[in-house]
Amino acid sequence: MGKDKKKGGVSRRKILKSAAVGGVGAAVIGAGLAATKTPKADAASISGELAKVMKERGLSPDDVLSAAKTYVPEGVHDPYVCLSSGGQSGHLFLYGVPSMRLIKTIAVFAPETWQGWGYDKESQEIMKGGSVEGRVVHTGDTHHPGFSETNGDYDGEYAFINDKSQGRVAVIDTRDWQTKQIVKNPVLKSTHGGTSVTENTEYVFTACQYAAPYDNKYHDPMNQKVYDTIYRGGHTYWKFDRKKGRIDMENSFTIELPPYMQDINDCGKRMSHEWGFSNSFNTERYVGGIERGNPPFEAGCSANDTDFIHMTNWKKAEEVVKKGNYKLINGHKVIPMKVAIENGLVYLIPVMKSPHGITVSPDGRYILASGKLDTHVSVYDFKKIMHLIENKIYDGRDPYGIPILSMRKTLHGMVQTGLGPLHNQFDVADSHIAYNSLFVDSAVVKYDYIKLKVLDRIPIHYNVGHLAAVHGDTVNPRGNYLISLNKLAIDRFVEIGPLHPQNHELIDISNPLSKNMRMLYAMPFPLGEPHYAQIIDSKIVEKRAWKVYPLGTDPATMARSPYRTLPGREKVVRKGNHVEVWMTAIRSHFNPEHIYCKVGDKVTIHITNLERAEDETHDFGVYYFNVTTSLEPGKTATVEFVADKEGIYPYYCQEFCSALHLEMFGYIAVLPKDAKFPEGAFFNNEE
Ligand code: RUQ
Ligand code: CUA
């Protein structure tokens, strides 16, 4: 039976693939239906029915084709998954492509009650690891997810995500798609760029957004001299320890940069492998002051015709750090600007007005940047850049002494794509096709970045930010689908009041040679504002995902928890005023079912889910104490609280896990301090 199912899945997946590539409308629908064994549903017999449905629902043949291209039959897995940031939600989200079916929330910087994220001890410890100047901040603003890479392509073992608002980076392990580590940038207050990774995930690269003093002290932000001398940006390279699956803080470093807002970044590939690039704005170093009658930031920060691309060499920087040529600031290695300049680690290249976004081509030779107040994508040629660097041909230096390379001499050329160009993604590698998002025009443009020619244009709804194509920022983009991450939805969905969802539109790019990008589907995304997303081949991640945890696993370490509790080994121990419980959960009971303690006791409950069956998750919901946890099969988790008030506190399993799920409950009984435990109150070490 299980085997049968699998067979069906495979053949249907093949059908899907052909639908994605070819697109044969009704025939595909027929085949899909046949595969789900709907009685008598061959293409011929449904055509009458199909015509009727089309008429009733007002669907054009075009609509039906789009539906066929996105429909994924029940029980069939999507060929791709999209890892989307979630902006102010502080989370990440996973959905299938092309079905656009939401699969998972990955809790990262903010608490999330489904998974007990931030409510059980293990996750609280991980959140604590990302403390901001000693405070656990649980708001976050996720922007640019990045899969770990091997040889320039996603290996899908880990994913990284930045928190723009606090300058943090998190590591997610795709064996269980759970956050394993959060680190705070010790010198940068906000990091917008990143997380992009070097070709073999040697480093996770993030760039500063809002320049600020490194020392966390007060320095007048409106005093130009103070701003120029004390405010700083930077490029941070986080060392990734693949074996441990963690960022290695010790061996991470920041290259000090001027107080320009470094914004978005991307890592080089192949020939440009050793370099990291970021665009920037406010090279004016405007300090604002709308409240004093000065022009607002937005005007002062966009006064110049050009800003700078920053490029830094992490490979050489690594050597500089090894030689001890750094400063320790807040315990973090910082390469001072002067040292960076002397060692040829940093260069600037002018780029059109207030750019946003920078992307390196699959072969690593071209660096694409769009000036959002310009109408072009500027295509820089890395070979030309290196020629100037190697021959020390500079156009001058910025006020901090950083060499500036000539824009004219480094440009391959510019292509006029439209109003408000932002981000770029790539189609299959040798096609030289890229896609550019036009925020102001609300359109996506397909163009040849070598011939500098626009090939096609499609309207989107509305105001697109990033684009994501399948493996679209790797050395080996796969084409097929492009997702447009739109900021505004306006009139697209059922009216639900002033706060609208975002709108992710799926575009068919399966034929790179055709002129026709094709709009397939619009998905409301009501979970914060996603910025960037990456789309990965499902096969890569499915191979790695665990079905259940080995019994007694702590997901924080992915190893056996010291609190793993086997059946028959459950216990309650009271030492002083600490009650510690080793509990098990299995359909359909907790053991123990009664926990006695006294007012003021600290209560620690370690729970092991003994289930070995896939998807048999339990969890622990409890009255008043503001803790919870999710217990996936095999997991051991801990909740801890102070029983600060006399009373009876029911706890129960919040997952409808069995016919007797409602019966899966228990009581925490908190006695007055001076009361005696009743007969039957159970402790393994009775006082
Ligand atoms: S952002 S819409 Cu990448 Cu944070 Cu550009
Ligand atoms: Cu376990 Cu409901």
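Biologist: What share of the 687 residues of the protein counts as buried?

Modeller: This is a predicted model, in which local features need pLDDT of at least 70, side-chain atom pairs count only at pLDDT 80 or more, and totals for chains, interfaces and linings use all residues. Residues are numbered from 1 along each chain as its sequence is written, chains are lettered from A and ligands numbered from 1 in the order in which they are written, and side-chain values use heavy atoms, with hydrogens and water left out. Buried means under 20% relative accessible area, exposed over 50%, and partly exposed in between (1.4 Å probe, protein chains only). Of the 687 residues, the share that counts as buried is 60%.

Biologist: What is the radius of gyration of the protein?

Modeller: The secondary structure comprises 12 helices and 45 strands, where helices (H or I, at least four residues) and strands (E, at least two) are DSSP runs numbered from the N terminus. The radius of gyration is taken over C-alpha atoms, and the globule rule is 2.2 Å times the number of residues to the power 0.38. For 687 residues that rule gives 26 Å; the protein's own value is close to this, so the protein is as compact as a globular protein of that length, with a radius of gyration of 28 Å.

Biologist: What percentage of the accessible surface belongs to carbon and sulfur atoms?

Modeller: Accessible areas come from the Shrake-Rupley method with a 1.4 Å probe; for residues, only the protein chains shown count as cover. The accessible surface comes to about 28,700 Å², and the percentage belonging to carbon and sulfur atoms is 54%.

Biologist: Which residue in S7 is the bridge partner of Ala-170?

Modeller: An open sheet with antiparallel pairing has the strand order S4-S5-S6-S7; two strands pair if DSSP finds at least two bridges between them. Its edge strands, each pairing on one side only, are S4 (146-150) and S7 (178-184). Strand S6 (residues 168-173) pairs with S7 over six bridges. In S7, the partner of Ala-170 is Ile-182.

Biologist: Which residue in S28 is the bridge partner of Val-445?

Modeller: Another open antiparallel sheet has the order S25-S26-S27-S28, with S25 (421-426) and S28 (453-459) as its edge strands. Strand S27 (residues 443-448) runs antiparallel to S28, and six bridges join them. In S28, Val-445 is partnered by Arg-457.

Biologist: Is Arg-285 buried or exposed?

Modeller: Arg-285 lies in the loop between strand S14 (275-278) and helix H7 (297-300). Its phi is positive, about 55°, although it is not a glycine. Because its relative accessibility is 15%, Arg-285 counts as buried.

Biologist: Is Asn-626 buried or exposed?

Modeller: Asn-626, in the loop between strand S41 (618-622) and strand S42 (628-631), also has a positive phi, near 65°. Because its relative accessibility is 59%, Asn-626 counts as exposed.
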